[in-house]
Amino acid sequence: RRAAALKGGGYTVEGPLLIGAALAGGSPDVRECLSRFGRPLGEAFQLRDDLQDGEAAFGLSGETVNGLVAEAKTALDPDLLTPESIPALRRLADMVAM
C-alpha cells in the first residue's frame with residue numbers, strides 16, 4: 001500500500017484538490033480536510049489500477065479499495081466544505097470504488 005501511495009496517491013487526487021483549494025483561497029482547515037479525503041482516495045485509485053492491470057500485491061482486493069474510499073468519504077466535513085462540494089466529492093469517490 002505504501003508503494004501505491006507513493007506511486008500515484010498524491011498526484012492523482014490529493015494534489016489537484018489542494019491546488020484547487022489554494023486557487024480558491026481555501027483556509028488551512030479546508031485544505032487539511034481535502035488532504036484527509038484525497039490521500040486515501042488517491043491510494044484507492046492506484047490500488048484499483050493495480051488490481052485491474054494484474055499488478056496488485058498478494059492479498060489486495062476490492063475490499064481494500066472500498067475501505068479506502070469509505071475512509072475518504074468520512075473525511076468530508078460539512079462544517080468546512082460548501083454544501084455543493086460534498087455530493088460532488090462523494091461522486092468522485094464512488095467512481096473509484098469497485
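1. Start with F37: setting aside neighbours within four places in sequence, F37 is in contact (heavy atoms within 4.5 Å) with L17, A72, K73, A75, L76, L89, L92 and A93. Bear in mind that this is a predicted model, in which local features need pLDDT of at least 70, side-chain atom pairs count only at pLDDT 80 or more, and totals for chains, interfaces and linings use all residues. Residues are numbered from 1 along each chain as its sequence is written, and side-chain values use heavy atoms, with hydrogens and water left out.

2. F37 also turns up among the residues with the most contacts inside the largest nonpolar core, alongside L34, L41, V69, L81 and L89. That core has 22 residues; a core here is a set of buried Ala, Val, Leu, Ile, Met, Phe, Trp, Tyr and Cys residues joined through side-chain atoms within 4.5 Å. Two or more residues come from each of α1 (2–23), α2, α3 (62–74) and α4, with α2 giving the largest share, seven residues. Helices are DSSP runs of H or I, at least four residues, numbered from the N terminus.

3. How do α2 and α4 pack? Helix α2 (residues 28–53) and helix α4 (residues 85–96) pack at about 20°, with axes 9 Å apart. That makes the two roughly parallel, the word for angles under 35 degrees. Axes are lines fitted to C-alpha atoms, for helices over the stretch in contact, and angles run from 0 to 180 degrees between N-to-C directions. The crossing of α2 past α4 is left-handed: the near helix is turned anticlockwise from the far one by less than a right angle.

4. On the α2 side of this packing sit L34, F37, L41, A44, F45 and R48, and they meet L89, L92, A93, M95 and V96 in α4. By type, the contact has 10 nonpolar residues, no polar ones and one charged. Ala, Val, Leu, Ile, Met, Phe, Trp, Tyr, Cys and Pro count as nonpolar, Asp, Glu, Lys and Arg as charged, and the others, Gly among them, as polar.

5. S35 is in helix α2 too. Buried or exposed? S35 is buried, at 7% relative accessible area, where buried means under 20%, exposed over 50% and partly exposed in between (1.4 Å probe, protein chains only). Not counting residues up to four places away in sequence, S35 touches E14, L18 and P40.

6. Last, have a look at L80, in the loop between α3 and α4. L80 is partly exposed, with a relative accessible area of 29%. Leaving aside neighbours within four places in sequence, L80 contacts D29, V30 and C33. L80 and L92 are 12 residues apart in sequence and 18 Å apart in space, C-alpha to C-alpha.

Notes:
Parallel < 35°, antiparallel > 145°, perpendicular 65-115°, else oblique.
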